[in-house]
Structure formats: C-alpha cells, structure tokens
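Take a moment to look over the sequence and the fold before reading on. The paragraphs below walk through the structure step by step.

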Amino acid sequence: MYNIDGIIFTSYRVVKVSLDLDNCVATLYCDFYEGKTKSRKRDFTYPTNCDVDINGLIEKLDKELKNGTSF
C-alpha cells in the first residue's frame, strides 16, 4: 500500500526514466494503481552525478514510498 497525497494505492509501476545531461537530474515517471485501474501519474526527481544506477534509484524510490518520505 502506498499513500500518495492522502490516497491509498495498491501498486505502482515505473513507466519511464530520463536523465537530464545538463544538470544530471534523473526523473522517474510512475503510474499508481488502485487495484487494476490506473488512477494517478507522478514524477520523482533525484540529483545524480550522471553515473546512474537505475535499479538503485528504483529501489530508493520504493523504500521512500513505503516509508512515506518521497513527497
């Protein structure tokens, strides 16, 4: 369960990841679901040094979402 803006979602999926090479900011584009219905899109940005471990960023996002610290 993920609480985003006071709404409880059962799951999420990272749809796209982008890296701005000018400032080395990685953006994870996510879809959140209530059951099987997609109900919200949200983007999360992380400053990097342009040497990015995508799986590491997704794991970091997952921990933050579970702890409620990513917003």
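Is Cys24 buried or exposed? Cys24 has a relative accessible area of 16%, and since buried means under 20%, Cys24 counts as buried. The model you are looking at is predicted, so some words on confidence, given as pLDDT from 0 to 100, belong here. The average pLDDT of the protein chain is 89, and 96% of the residues score at least 70. Among the elements of the chain, strand S3 has the highest mean, 95, while strand S1 has the lowest, 81. Where pLDDT is low, the predicted coordinates should not be read in detail.

The link is left-handed, with -100 degrees about the S-S bond. Cys50 has a relative accessibility of 30%, which means that Cys50 counts as partly exposed.

A disulfide needs two cysteine sulfur atoms within 2.5 Å. Cys30 is buried, because its relative accessibility is 2%.

Next comes the sheet. Strands of a sheet pair through backbone hydrogen bonds, either parallel or antiparallel. In this model three strands form an open sheet in the order S3-S4-S5, and the pairing is antiparallel. S3 and S5 stand at the edges with a single partner strand each, so one side of each has no neighbour in the sheet. On average, neighbouring strands of this sheet are turned by 20 degrees against each other, direction ignored. The antiparallel strands S3 and S4 are joined by nine bridges.

Thr27 lies in strand S4 and is the bridge partner of Ser18. Leaving out residues up to four places away in sequence, Thr27 touches Lys16, Val17, Ser18, Asp43, Phe44 and Thr45. With a relative accessibility of 12%, Thr27 counts as buried.

Helix H1 lies across S3, S4 and S5, and runs at about 135 degrees to S3. Side chains of opposite charge can pair when their charged atoms come close. How many salt bridges does the structure hold? The structure holds one, in which the side chains of Asp62 and Lys66 meet at 3.1 Å, N to O. Asp62 and Lys66 are four residues apart in helix H1, so about one helical turn separates them. Lys66 has a relative accessible area of 54% and is therefore exposed.

The last stop is Gly6, in the loop between strand S1 (2-4) and strand S2 (7-9). Gly6 counts as exposed because its relative accessibility is 64%. Gly6 and Asp51 are 45 residues apart along the chain, and their C-alpha atoms are separated by 34 Å.

Definitions and conventions. Residues are numbered from 1 along each chain as its sequence is written. This is a predicted model: local features need pLDDT of at least 70, side-chain atom pairs count only at pLDDT 80 or more; totals for chains, interfaces and linings use all residues. Side-chain values use heavy atoms; hydrogens and water are left out. Helices (H or I, at least four residues) and strands (E, at least two) are DSSP runs, numbered from the N terminus. Buried means under 20% relative accessible area, exposed over 50%, partly exposed in between (1.4 Å probe, protein chains only). Contact means heavy atoms within 4.5 Å. pLDDT is the predictor's confidence in each residue, from 0 to 100. Two strands pair if DSSP finds at least two bridges between them. Axes are lines fitted to C-alpha atoms, for helices over the stretch in contact, and angles run from 0 to 180 degrees between N-to-C directions. A salt bridge is a side-chain nitrogen of Lys or Arg within 4 Å of a carboxyl oxygen of Asp or Glu.
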